[in-house]
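I open this notebook to record what I looked up in the structure, entry by entry.

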Amino acid sequence: MASTASTLSWTSSSLLQSFTGNINQATKISDRGTALVIIAQKKAKKARTIILKEDVVDLGKQGQLVSVKAGYYRNYLLPTGKAQIVTPLLLKEMKVEEERIEAEKKRAKEEAQQLALIFETVGGFKVKRKGGKGKLIFGSVTAQDLVDIIKAQLQRDVDKRIVSLPEIREIGEYIAELKLHPEVSARVRVIVSAN
């Protein structure tokens, strides 16, 4: 029993030394009839850190870093082209791309703020319509009418979908809102008069 305990306490380096350094001693161990016991460690988890190239249901969105099992990556994500292993070079490229996107968003917001300042400094946009009974006008003033007037006065192209205009069917002054950016909007005066 004492010899079994001594073989279990050996480290791999002393075992290697005993087999390579002194072959006689190795034969003595086998002569004693003791068995060499190797205890295996816990199985290592095989996980891969990947970046998703497109949205994957129950896993994540495009561009997201996730950790998945190696088999799932190897058998499904890699062959379908939905993911890529994360490398230091890829992380650096992602960081540069994120910085470029942030700079572009900041530039677009600044342009929208400048455009909003231009719109708000203009006194108002005058619209002439044929007058009807009292303050009523024939027809109504639409977002397209406002876009046409902005183009004529300021030489700026504006999409009519960003214009929020109340229903205008009478002579008077109204406030229209132009949504130039998700965080920037401009309020302009629309003055409706009769011919």
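I looked up the packing of helix α4 and found that its buried residues pack against β1 (47-52), β2 (65-69) and β3. The model is a predicted one, in which local features need pLDDT of at least 70, side-chain atom pairs count only at pLDDT 80 or more, and totals for chains, interfaces and linings use all residues. Residues are numbered from 1 along each chain as its sequence is written, and side-chain values use heavy atoms, with hydrogens and water left out.

Helices (H or I, at least four residues) and strands (E, at least two) are DSSP runs, numbered from the N terminus. Buried means under 20% relative accessible area, exposed over 50%, and partly exposed in between (1.4 Å probe, protein chains only).

In α4 (residues 70-80) I listed Ala70, Tyr73 and Leu77 as the buried residues. Seen down the axis of α4, they fall within an arc of 85°, so they line one face of the helix; the arc is that of the directions from the helix axis to the C-beta atoms. On the other side, I noted Asn75 and Pro79 as exposed. Glycine 81 follows α4 and has a positive phi, near 75°.

Next I turned to glutamine 84, which lies in strand β3 (residues 83-85). Glutamine 84 is partly exposed, at a relative accessible area of 31%. Leaving out residues up to four places away in sequence, I found that glutamine 84 touches Ile50, Ile51, Lys53, Tyr73 and Leu90, contact meaning heavy atoms within 4.5 Å. Glutamine 84 and isoleucine 51 are 33 residues apart in sequence, and 5.4 Å apart in space, C-alpha to C-alpha.
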